Amino acid sequence: VQFVESGGGSVQPGGSLRLSCTTSGIRLIDYSMSWYRQPPGKQCALVARLTNGASTNYTADSVKGRLTISRDDAKSTVYLQMNNMTSEDKTVYYCKRYGFKDWGRGTQVPVSS
């Protein structure tokens, strides 16, 4: 099982970015997937979750309306669209199969001031 995050990069406040998580070793359609992030000095926190079939969606209150999770099972890829970004979004983002201990290595999103 492998998850590879990409799409991180420098962005200015108010800008947008889309992260991708390419999965392998699993049938993505069978699983709920999630994005987490870990700000410096803080615990890793759930940002968004999307069930298989995309029927149920969870987004943390702190990012609701700005960050959106989606999936393309045919491409074995999960996305995190980030809009109107702020300095609080500056951190490392991880893709994870929800309910399992499979983590990607993360992708850095630096938000410049």
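Which residues do ring pairs link into a cluster? In this predicted model, the ring pairs link Tyr36, Tyr94 and Trp103, where rings of Phe, Tyr and Trp (its six-membered ring) are taken to pair if their centres lie within 6.5 Å, planes under 30 degrees apart counting as stacked, those over 60 as edge-to-face and the rest as tilted. Because the structure is a predicted model, local features need pLDDT of at least 70 and side-chain atom pairs count only at pLDDT 80 or more, whereas totals for chains, interfaces and linings use all residues. Residues are numbered from 1 along each chain as its sequence is written, and side-chain values use heavy atoms, with hydrogens and water left out.

A search of the whole structure finds 3 aromatic pairs. One of them joins Tyr31 and Phe100 in an edge-to-face arrangement, with 5.5 Å from centre to centre and 90° between the planes. Tyr31 lies in the loop between strand 2 and strand 3 (33-38), and Phe100 in the loop between strand 8 and strand 9 (107-109), so this pair ties together parts that are 69 residues apart in sequence; strands (E, at least two residues) are DSSP runs numbered from the N terminus. Tyr31 is partly exposed, with a relative accessible area of 24%, and Phe100 is likewise partly exposed, at 35%, where buried means under 20% relative accessible area, exposed over 50% and partly exposed in between (1.4 Å probe, protein chains only). Tyr94 and Trp103 also form an edge-to-face pair, at 6.0 Å centre to centre and with 85° between the planes. Of these two residues, Tyr94 counts as buried at 18% relative accessibility, while Trp103 counts as partly exposed at 39%.

Arg97 lies over the face of Tyr31, at 4.5 Å from the ring centre, and Arg49 lies over the face of Tyr98, at 4.4 Å.

With a disulfide defined as a pair of cysteine sulfur atoms within 2.5 Å, the count comes to 1 disulfide, formed by Cys21 and Cys95 with their sulfur atoms 2.1 Å apart. The torsion about the S-S bond of Cys21 and Cys95 is about -75°, so the disulfide is left-handed. Cys21 lies in strand 2 (residues 17-24) and Cys95 in strand 8 (residues 91-97), so the pair ties together parts that are 74 residues apart in sequence. Both Cys21 and Cys95 are buried.

Note on methods:
Helix = DSSP H or I, 4+ residues; strand = E, 2+ residues; numbered from the N terminus. Lys NZ or Arg CZ within 6 Å of the ring centre and 35° of its normal.
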